[in-house]
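Let's take a walk through this one together, helix by helix and ring by ring. Keep the viewer open as you read.

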Amino acid sequence: MSMENGDSSTETRQAPRLNERILSSMSRRTVAAHPWHDLEIGPGAPAVFNVVVEITKGSKVKYELDKKSGLIKVDRVLYSSVVYPHNYGFIPRTICEDSDPIDVLVLMQEPVLPGSFLRARAIGLMPMIDQGEKDDKIIAVCADDPEYRHYNDLNELSPHRLAEIRRFFEDYKKNENKEVAVNEFLPANAAREAIQYSMDLYAQYILQSLRQ
């Protein structure tokens with residue numbers, strides 16, 4: 001490239017720096033964030049809390065958390081001709097008697113990608129027995145969806161919406177010859193109590209892990 005003073009020089013480009021995170025992963029072992037343990041439940045829990053979405057509204061694919069790696073894995077494709085009626089996931093830093101985090105069905109306008117998290121408000125509890133074991137579900141609404149955020153209890157929903165949710169969980173395992181029983185829905189205060197209980201169990205679980 002010619003310059004006005006008659007001297008010539010070659011334009012040189014500096015090599016871009018490697019991202020520090022990439023560089024560190026090449027030089028030493030690192031641990032990725034785990035959505036169950038590293039994501040906070042939120043300061044408003046048990047009323048308002050974070051939910052990690054595992055399954056998208058309208059999906060026939062059963063995704064679930066891989067508890068060891070923290071990744072969302074494909075468990076199976078549903079055997080029945082049904083799809084999840086709403087986004088479905090779990091509350092971080094909770095645990096139930098089955099050693100899994102507590103499950104949540106989140107009512108909102110749009111499907112959400114698996115692995116995303118959102119803020120939700122508990123509006124009810126769906127007591128459920130899955131193959132003889134307790135497997136209750138929290139019914140919630142997205143706290144940041146303008147169409148649903150004003151709901152505070154199940155009795156504000158249409159009877160059809162509750163019937164739709166019940167029917168999905170009663171039917172989605174029938175073609176696998178697995179029995180699921182859904183009992184009467186319970187109000188928002190029962191959901192908050194269930195979440196608080198799962199938070200307390202998680203705290204005990206962490207204490208026991210630290211003592212080992």
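In helix H3, the buried residues are Ala188, Ala190, Ala191, Ile195, Ser198, Met199, Leu201 and Tyr202, where buried means under 20% relative accessible area, exposed over 50%, and partly exposed in between (1.4 Å probe, protein chains only). Keep in mind that this is a predicted model: local features need pLDDT of at least 70, side-chain atom pairs count only at pLDDT 80 or more, and totals for chains, interfaces and linings use all residues. Residues are numbered from 1 along each chain as its sequence is written, and side-chain values use heavy atoms, with hydrogens and water left out.

H3 itself runs over residues 188–211. Its 24 residues reach 35 Å from first C-alpha to last, close to the 34 Å expected at 1.5 Å a residue (1.5 Å times one less than the number of residues). Helices (H or I, at least four residues) and strands (E, at least two) are DSSP runs, numbered from the N terminus. What do the buried residues of H3 pack against? Look for strand E1 (48–55), strand E6 (117–126) and strand E9 (137–142), with contact meaning heavy atoms within 4.5 Å.

Now for H2, residues 159–171. This helix has 13 residues and spans 18 Å between its end C-alphas, close to the expected 18 Å. Leu162, Ile165, Arg166, Phe168, Phe169 and Asp171 are its buried residues, and they pack against E4, strand E5 (103–107), E6, strand E7 (128–130), E9 and strand E10 (180–182).

On to the rings. The structure holds nine aromatic pairs; rings of Phe, Tyr and Trp (its six-membered ring) pair if their centres lie within 6.5 Å, and planes under 30 degrees apart count as stacked, over 60 as edge-to-face and the rest as tilted. One of them is Tyr84 with Phe168, tilted, at 4.7 Å centre to centre and 55 degrees between the planes. That pair links distant parts of the chain, 84 residues apart: Tyr84 sits in the loop between strand E3 (72–77) and strand E4 (87–90), Phe168 in H2. Both residues are buried. Another tilted pair joins Tyr202 and Tyr205, at 5.9 Å and 45 degrees. These two are three residues apart in H3, about one turn of the helix. Tyr202 is buried at 8% relative accessible area, while Tyr205 is partly exposed at 32%. Ring pairs also link Tyr84, Tyr88, Phe168, Phe169 and Tyr172 into a cluster.
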